[in-house]
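Q: I have this one open and want to go through a few spots. Can you take me around?

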Amino acid sequence: MPSPSGGGGGPVTRHTDCVASPHSCGFPDATSTGADCPALAPSGPVTVTTDGAVVEGKNISGPVTVQASDVTIRNDCVTSSAIYPVHFVSGSHLTVADTTITGTGGGCARAVEPAGHGAVMDRLNVSGCEDGIQLYDHDVLENSYIHDLAFTSSSHNDGVQQNGGSGDVVRHNTIFNPHNQTSCVNFTTDFGGITNITITGNLLNGGNYTIYSRSGGNGDPTGVTVTGNHFGGADVYGLVSADGPLTWNGNVSDSTGQTVGQ
């Protein structure tokens, strides 16, 4: 069975039933992601307009809005009822690392909205929003823990969502969505084509289908690779719903460690 790669979790002491204790299998959870919020300096909302700025060591009440390039947000806590607690409005090359992002008040649609070009999101602890992370082009989400999404009767929860873009990587994350809507990872061509997507080495549990790779009116996604993931048993209908071919290798049942098909 595949073994989790580094970047989250502690010593590996088990290889199955990882949903019960992700860090025991080397997967990210609260023990290896986010920041120590009480230890950080209190702050109000932050707006970044300077290229190369670093936002670090803050316990932020309100959103972080980025309108610059080469910005780094690290070792922060962001607690916000805004629609996007972390919003990459313009610029390129955003890094968000070792940060806890918590949506509150039912107004949070997505914890991170990286609508620039190229975001790296590493060791995040994300909860409390309807969706976890939105992806666009050349974004990387890794070593992160997405859980406890805000659920209502009208929710369509996705741990990770992308509706048009290319070159995205979802690698070595723990994503839990034990609701009947909608997925852990959802790539659907609602607003444009989708190409060259990598989903690898994750612990995924829940959703109607755990992974969607679907046409939303702009053709089928292409170049989608799903490898080396652990799948829990909380899905409603199955592990994957796909339009068009995808590459599927080395994916296993979390409960048994045995290889699973699509």
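Q: Which residues does Thr189 touch, not counting those up to four places away in sequence?
A: Thr189 touches Asn163 and Ile194, then Arg214, Ser215, Gly216, Gly217, Asn218, Gly219, Asp220 and Pro221. Keep in mind that this is a predicted model.

Q: Where is Thr189 placed?
A: Thr189 sits in the loop between strand 21 (183–188) and strand 22 (194–200).

Q: Buried or exposed, and why?
A: Thr189 is buried, because its relative accessible area is 0%, and the cut-off for buried is under 20%.

Q: What lies 2.8 Å from a polar atom of its side chain?
A: The backbone nitrogen of Gly216 lies 2.8 Å from a polar side-chain atom of Thr189.

Q: Switching to Ser80. Which strand is that in?
A: Ser80 belongs to strand 7, residues 77–80. Ser80 counts as buried because its relative accessibility is 3%.

Q: And what does Ser80 touch?
A: Leaving out residues up to four places away in sequence, Ser80 touches Gly62, Pro63, Pro85, Thr102, Gly103 and Thr104.

Q: How far is Ser80 from Gly206?
A: Their C-alpha atoms are separated by 25 Å, and the two residues are 126 residues apart along the chain.

Q: Now the largest nonpolar core. Which residues touch the most other members?
A: Ile73, Met121 and Ile133 do, in a core of 47 residues.

Q: What is Ile133 in contact with, leaving aside neighbours within four places in sequence?
A: Ile133 contacts Val112, Met121, Leu124, Val126, Leu141, Ile146, Gly159, Val160 and Gln161.

Q: What other core lies apart from the largest one?
A: Another core of 6 residues lies apart from it, including Cys18, Cys25, Phe27 and Tyr145.

Definitions and conventions. Residues are numbered from 1 along each chain as its sequence is written. This is a predicted model: local features need pLDDT of at least 70, side-chain atom pairs count only at pLDDT 80 or more; totals for chains, interfaces and linings use all residues. Side-chain values use heavy atoms; hydrogens and water are left out. A nonpolar core is a set of buried Ala, Val, Leu, Ile, Met, Phe, Trp, Tyr and Cys residues joined through side-chain atoms within 4.5 Å. Buried means under 20% relative accessible area, exposed over 50%, partly exposed in between (1.4 Å probe, protein chains only). Contact means heavy atoms within 4.5 Å. Helices (H or I, at least four residues) and strands (E, at least two) are DSSP runs, numbered from the N terminus. A polar contact is a pair of N or O atoms within 3.5 Å; within protein, one must be able to donate a hydrogen and the other to accept it, and residues adjacent in sequence count only if both atoms are side-chain atoms.
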